[in-house]
Amino acid sequence: MAKNLLIVESPAKAKTIEKFLGADFEVKSSYGHIRDLEKDDMGIDIKKNYAPRYIIPADKQKVVKELKQLTKKSDEVWLATDEDREGEAISWHLCEVLGLDPSKTKRIVFHEITKSAIQNAVKNPRTVDMNLVDAQQARRILDRIVGFEISPVLWRKISMRNSLSAGRVQSVAVRLIAEREREINAFVSSSSFKIEAIFNAEDINKRSVNFKAEGSRRKTEEDAESFLQSCKGATYTVTDIQVKPAKKSPAAPFTTSTLQQEASRKLGYSVSKTMLLAQKLYESGNITYMRTDSVNLSDTAMQDIELHVKKQYGDKYVQQRKYKNKNESAQEAHEAIRPTYIENTTIEDADTKRLYELIWKRTIASQMSDAELEKTIAKISISTNKEELTAQGEVLKFDGFLKVYIEDKDDDDANDEGAEGMLPPLSINQTLKLNELKAIERFTRPAPRYTEASLVKKLEELGIGRPSTYAPTISTVLKRGYVEKRDKEGMLRDYRILLLKNDELKKIKEKETTGAERAKLFPTDLGLVVTDFLKEYFSDVMDYGFTAKIEEEFDEIANGKKEWTKTIDVFYKPFKADVEKTLETAERAKGERELGIDKASGKKVLARMGRYGPMVQIGEVNDDEKPRFAKLKSTQSIETITLEEAMDLFKLPRNLGKFEDEDVTVNIGRFGPFIAHDKKFYSLSKEYDPYSITLEESTPIIEEKRIAKDERTLKVFEKEKIQVLKGPYGPYIKQGLRNYKLTKEQQERAAELSIEEVKKIIEEIKANPPKKSARNKRKT
C-alpha cells in the first residue's frame with residue numbers, strides 16, 4: 001500500500017499525474033464534487049446565517065466509501081484538485097467528508113500537468129484556502145436562493161407548466177439576447193449611395209491593371225445621379241500621394257473567454273465543446289489550466305518560445321512581450337492558456353488536435369514581431385465639379401507574427417470592405433483613365449445577433465460571470481428553452497446601381513441576399529416573456545451593473561476582504577421582500593399581443609403564450625363560442641407575427657384528398673405536425689411543411705410508416721387497445737400514450753404474452769411506479 005494518497009477530481013488527470021509520482025503515491029479521483037446542497041428547503045438554513053446543508057448524492061456514495069477506506073490505510077492524504085475556486089471547494093468538501101483537518105492537510109496546486117510542475121508542487125504544499133472556498137460557497141448559495149425563490153413565482157405567474165426557472169447570471173444573459181432581438185426588430189434600414197470609380201494604370205511591370213477609388217456617399221438617388229451627371233467629360237488627376245508606415249501587433253495569449261471566442265469563429269465550436277476539449281488537453285498534460293482570465297506567460301515559457309521562433313523563423317521574428325490583464329481582479333489562475341511543451345507543434349489525438357494547434361499558434365504569435373505594412377493614400381481630383389476621390393492601398397513589407405497566426409473578428413467588428421489591395425505606381429499630376437464610375441445603393445444594418453462567442457465577449461465586457469461560468473450559462477439558457485441557436489435564411493432585396501461609362505449614364509436594378517445568419521442566438525417567445533416579467537418585478541437581479549457588482553464582491557471574498565454571509569444578507573432581505581410582493585400583487589404574464597380582427601367572425605385575433613408555447617387565437621374566453629387556437633411556426637414570434645401570417649395558421653387541418661378511399665388530412669398537434677389517415681396518425685419530419693405538403697408527398701410517408709410499424713409490432717390486442725412493440729431497448733407494452741417496461745424474462749417471451757399477463761404487468765407497474773431518474777428530478 002502506498003504511503004501517500006493524492007486525490008484529484010478527474011480520472012484522466014489522475015492517470016496523467018500517476019506517471020510523474022513514484023510508488024509512494026497512489027492517485028485517485030473524486031469524480032468532481034462529492035457533496036451538494038440538499039434539494040429540500042433550498043438546502044440553506046436562512047435563520048442560521050445562511051448555513052448550507054450538504055449531502056452526499058447517491059451516485060457519489062461508492063466513490064466516497066472507497067476514498068474513506070484508502071484514507072484510513074494511508075499515512076498522509078494530499079489534495080490536488082484544480083487551482084480555481086471550484087477546485088478549492090472540492091478539496092474542502094473532501095476534508096469534511098474524509099475527516100481531514102483543512103488547516104493541516106497538504107494541498108498542492110499547479111497550472112500544468114508536467115513532471116517538473118507536479119514535483120515542484122509536492123515540494124511546496126499549502127493548506128486549503130478558506131477564502132476561495134467561501135467565495136465558491138457564496139456564489140453557490142446566492143444562485144440557489146435566486147433559483148429556488150424566483151422559479152415558483154414564474155410557475156404561478158406565467159401560463160406554462162412548472163418547468164420554468166431563473167438564474168442570476170443566466171437571466172441577465174437572456175436579457176442581453178432579448179434586447180438585441182428587439183433592437184433588430186425595431187431597426188429601420190435606410191439607404192445611401194456609395195461612390196466607386198474603377199481606374200486603369202500601369203503596374204511596375206508596365207502591365208495594365210485596374211484599381212478602385214471612392215468618393216463621399218450620396219444620401220439619395222437624385223444626389224447620386226446629379227454627381228454622376230456632373231462627371232461627364234471629366235479629367236481625373238492625381239493631386240496628392242501619401243505613403244505611411246503601419247504595423248499590426250499580435251493578440252495576447254488565450255484566456256478562457258478569448259479561446260471560446262476564437263474557437264467559435266475559426267473552428268465553429270460551441271462554447272461547451274471548446275471547454276470539453278480544453279479540459280481533455282489539460283488533463284492529458286498538453287496545455288496549461290484552461291479556466292483563467294490571465295494573459296501572462298511564465299518566464300520559462302517565454303524563453304522556450306523565443307528559442308523556437310529563432311530556430312524556426314530567424315532572429316528578426318522574435319519580440320518578447322508582457323501582456324497586461326484588462327481585468328484587474330483576474331484570480332482564476334496565474335497564467336494564460338498555452339501548450340505545456342512549445343516544441344510540440346501538434347498532437348496525435350484527433351478530437352483535440354485542431355484546438356491544440358489553435359492554442360499553439362496563438363501562443364507562439366504572441367511573442368513574435370509586429371507585421372510591417374506600407375499604406376498608400378492617393379487623392380484624385382475631378383475636373384468638372386472640384387470633387388475628390390480617394391484610392392487606398394496596402395502592402396505587407398514584413399509578415400512578422402502573421403507568418404503563424406491571424407485573429408478572426410466577430411460580425412460587429414468586421415470591416416465590410418475587406419482588406420485593401422495594392423495600388424499601381426502613381427505620381428502627382430498623373431492623368432488617369434476612368435473605366436467606370438458607379439453609385440451603388442447600400443443599406444444600414446442593425447447590430448448583429450449574438451453568437452456564443454460574441455455573447456461571452458459581451459458578458460466579459462460587462463463583468464458578468466467568470467471563466468468557469470460562461471459555458472454553463474450558455475448551455476443552461478439553451479436547455480431551458482429561453483434561447484435557441486439556429487440559422488436564419490436570407491431574403492432577396494433589390495438594390496439600385498447608377499453606372500457612368502463612356503459618358504453614358506445607366507440605371508440598373510440588381511438583387512442581393514440580405515439577413516442570412518448562421519448559428520446565431522435567438523430569444524424564444526418564452527424567453528422574452530420571462531425576461532419582461534423579471535425586469536418588471538426583480539430589477540436588481542436583471543440589472544447588468546448589479547450582477548457585475550456581485551461578481552466583484554465574490555472576488556473580495558476570495559481575497560479575504562469581505563465576509564461571505566454579509567454579501568448574502570445584504571442581497572437576501574430586499575430580494576425576499578420582492579418575491580413576496582410579486583406573488584401577492586403581480587398579474588399573470590401572457591406576453592399577449594393583439595393583431596387585429598378576423599374578418600369572417602369579427603373576433604379579436606391575439607398572439608400569446610399558451611400552456612405548450614406561443615400560439616395565436618381567434619376570440620376570447622368570455623365569448624359565447626370557444627376560441628380557436630393555432631400553434632406558431634418555429635420561425636415565428638409573438639412580437640413580429642402579422643395578422644395575415646396568423647390567419648394562415650388556421651388553414652390547418654388541411655384535407656389533402658383521398659388515399660385508399662379515405663381522407664388524408666394534415667395538422668399540428670402537441671408533439672408537432674402529423675398526417676391522419678384511416679384513424680391512424682403518422683408524424684411528419686422537419687423537411688415537410690404541413691402548410692404546403694401535397695397528397696402525392698404524403699402517401700409514401702403513410703406506406704413507409706406502415707411497413708416500419710408492422711416490423712416492430714409483436715402483438716396487438718384490438719379490443720383493449722394494447723400493443724406489444726419492439727423498441728430500441730427491447731420489447732415493451734403500449735396502452736394509449738403510455739409505455740410499460742418489461743423485465744428481461746418478459747422480453748424474451750414478449751410475442752407469447754397473453755392479454756391476462758399483459759394486464760397484470762400494467763397493473764403491477766401502476767401500483768409500483770418506477771422511481772424517476774436523477775435527470776428527471778427538478779433541477780436547480
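I take exposed to mean over 50% relative accessible area, buried to mean under 20%, and partly exposed to lie in between. Lys206 has a relative accessible area of 64%, so I put it down as exposed, the cut-off being over 50%.

**Entry 1**

I stayed with Lys206 and looked up its place, which is the loop between strand E9 (191-202) and strand E10 (208-218). I noted its phi as well: about 65°, positive, although Lys206 is not a glycine. Most residues other than glycine have a negative phi, and most peptide bonds are trans.

I then turned to Ala519, which is not a glycine either and has a positive phi of about 50°. Ala519 sits in strand E18 (residues 517-523). With a relative accessible area of 27%, Ala519 is partly exposed.

I also checked the peptide bond between Leu652 and Pro653, and I recorded it as cis, with omega about 0°. Pro653 belongs to the loop between helix H18 (643-648) and strand E23 (654-659).

**Entry 1. Whole chain and confidence**

I wrote down the inventory: the chain has 21 helices and 30 strands. The C-alpha trace spans about 100 × 85 × 55 Å along its principal axes. Of the 780 residues, 47% count as buried. I looked at contacts with a separation of 6 or more, and 69% of them are between residues 24 or more positions apart.

The mean pLDDT of the chain is 90, and 96% of the residues reach 70 or more. Where is confidence highest, and where is it lowest? I found the highest in helix H7 (residues 221-230), at 97, and the lowest in helix H19 (residues 695-712), at a mean of 83. Over residues 773-780 pLDDT stays under 50, and the model has 10 contacts for them beyond four places in sequence. Where pLDDT is low, the predicted coordinates should not be read in detail.

**Entry 2. Glu221**

I picked Glu221, which is in helix H7. Its relative accessible area is 15%, so I list Glu221 as buried. Leaving out residues up to four places away in sequence, I found that Glu221 touches Phe193, Arg496, Leu498 and Lys507.

**Entry 3. Helices H6 and H16**

I looked at how helix H6 (residues 168-186) and helix H16 (residues 544-558) pack: the angle is about 145° and the axes are 10 Å apart. I noted the crossing of H6 and H16 as left-handed. From H6 the contact takes Arg168, Val169, Val172, Arg175, Leu176 and Glu179, and from H16 it takes Tyr544, Thr547, Ile550, Glu551 and Phe554. I sorted the contact by class and got six nonpolar, one polar and four charged residues.

**Entry 4. Salt bridges**

How many salt bridges does the structure hold? I have 61 on record. Side chains of opposite charge can pair when their charged atoms come close.

I started with Arg85 and Asp555, whose closest N and O atoms are 2.6 Å apart. Arg85 is in helix H3 (residues 85-98) and Asp555 is in helix H16, so the pair links distant parts of the chain, 470 residues apart. Are Arg85 and Asp555 buried or exposed? I found Arg85 buried, and Asp555 buried too.

I went on to Lys280 and Asp349, a salt bridge with the closest N and O atoms 3.7 Å apart. Lys280 is in helix H9 (residues 271-283), and Asp349, 69 residues apart from it, is in the loop between helix H10 (299-313) and helix H11 (353-365). Lys280 counts as partly exposed, at 36% relative accessibility. Asp349 is partly exposed as well, with a relative accessible area of 30%.

I then took Asp494 and Lys511, which meet in a salt bridge at 2.7 Å, N to O. Asp494 belongs to strand E16 (residues 491-501) and Lys511 to strand E17 (residues 504-514), 17 residues apart.

Notes. Residues are numbered from 1 along each chain as its sequence is written. This is a predicted model: local features need pLDDT of at least 70, side-chain atom pairs count only at pLDDT 80 or more; totals for chains, interfaces and linings use all residues. Side-chain values use heavy atoms; hydrogens and water are left out. pLDDT is the predictor's confidence in each residue, from 0 to 100. Helices (H or I, at least four residues) and strands (E, at least two) are DSSP runs, numbered from the N terminus. Contact means heavy atoms within 4.5 Å. Axes are lines fitted to C-alpha atoms, for helices over the stretch in contact, and angles run from 0 to 180 degrees between N-to-C directions. A crossing is left-handed if the near helix is turned anticlockwise from the far one by less than a right angle, and right-handed if clockwise. Ala, Val, Leu, Ile, Met, Phe, Trp, Tyr, Cys and Pro count as nonpolar, Asp, Glu, Lys and Arg as charged, and the others, Gly among them, as polar. A salt bridge is a side-chain nitrogen of Lys or Arg within 4 Å of a carboxyl oxygen of Asp or Glu. Buried means under 20% relative accessible area, exposed over 50%, partly exposed in between (1.4 Å probe, protein chains only).
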